[in-house]
Amino acid sequence: MTDTMRYTVESGDLENIVSRLLDIVRRLGVSVSKLAVEVDGGKANLEIAVAPTSQSIANTLRERIGQIEGAKPA
């Protein structure tokens, strides 16, 4: 079962946020099974599904994504 995380991004710097997100995923060694972005004006909805991983890594991933300015859990 994959762990799906959804975020709302209210920033003009969507590319930087996605880049930071993917860098975090890479550093944690997590596999992504889906990455989707829907843009509506100045707001974007971001969905990322990661392959099964330990609860501690999933929690760390959520925590680090939460530290990205402009990204809020949906």
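Reader: How many bridges join strand β1 to β4, and what makes the two a pair?

Author: Three bridges join β1 (residues 3-10) to β4. Two strands pair if DSSP finds at least two bridges between them, so β1 and β4 qualify. They run antiparallel. In β4, Y7 has P73 as its bridge partner, and V9 stands opposite A71. Strands are DSSP E runs of at least two residues, helices H or I runs of at least four, numbered from the N terminus.

This is a predicted model, where local features need pLDDT of at least 70, side-chain atom pairs count only at pLDDT 80 or more, and totals for chains, interfaces and linings use all residues. Residues are numbered from 1 along each chain as its sequence is written, and side-chain values use heavy atoms, without hydrogens and water.

Reader: What makes β1 and β3 a pair?

Author: Eight bridges join them, so they meet the rule of at least two. Y7 is bridged to L46 in β3.

Reader: Why are β2 and β4 called edge strands?

Author: The open sheet has the order β2-β3-β1-β4, with antiparallel pairing. β2 (32-40) and β4 (71-73) each have a single partner strand, so one side of each lacks a neighbour in the sheet. The twist averages 25 degrees from one strand to the next.

Reader: Why is α1 called roughly antiparallel to α2?

Author: Their axes cross at roughly 155 degrees and come within 10 Å. Axes are lines fitted to C-alpha atoms, for helices over the stretch in contact; angles run from 0 to 180 degrees between N-to-C directions. Under 35 degrees is roughly parallel, over 145 roughly antiparallel, 65 to 115 roughly perpendicular, and the rest oblique. The crossing angle therefore makes α1 roughly antiparallel to α2. Contact (heavy atoms within 4.5 Å) is made by L21, I24, V25 and L28 of α1 and I57, T60, L61, R64 and I65 of α2.

Reader: What is the direction of α2 relative to β1?

Author: α2 (residues 55-66) runs at about 5 degrees to β1.

Reader: What makes a set of residues a nonpolar core?

Author: Its members are buried Ala, Val, Leu, Ile, Met, Phe, Trp, Tyr and Cys residues, joined through side-chain atoms within 4.5 Å. Buried means under 20% relative accessible area, exposed over 50%, partly exposed in between (1.4 Å probe, protein chains only). The largest core here has 18 residues. M5, V9, L46, I48, V50, L61 and I65 touch the most other members. α1 gives the most to this core, with six residues.
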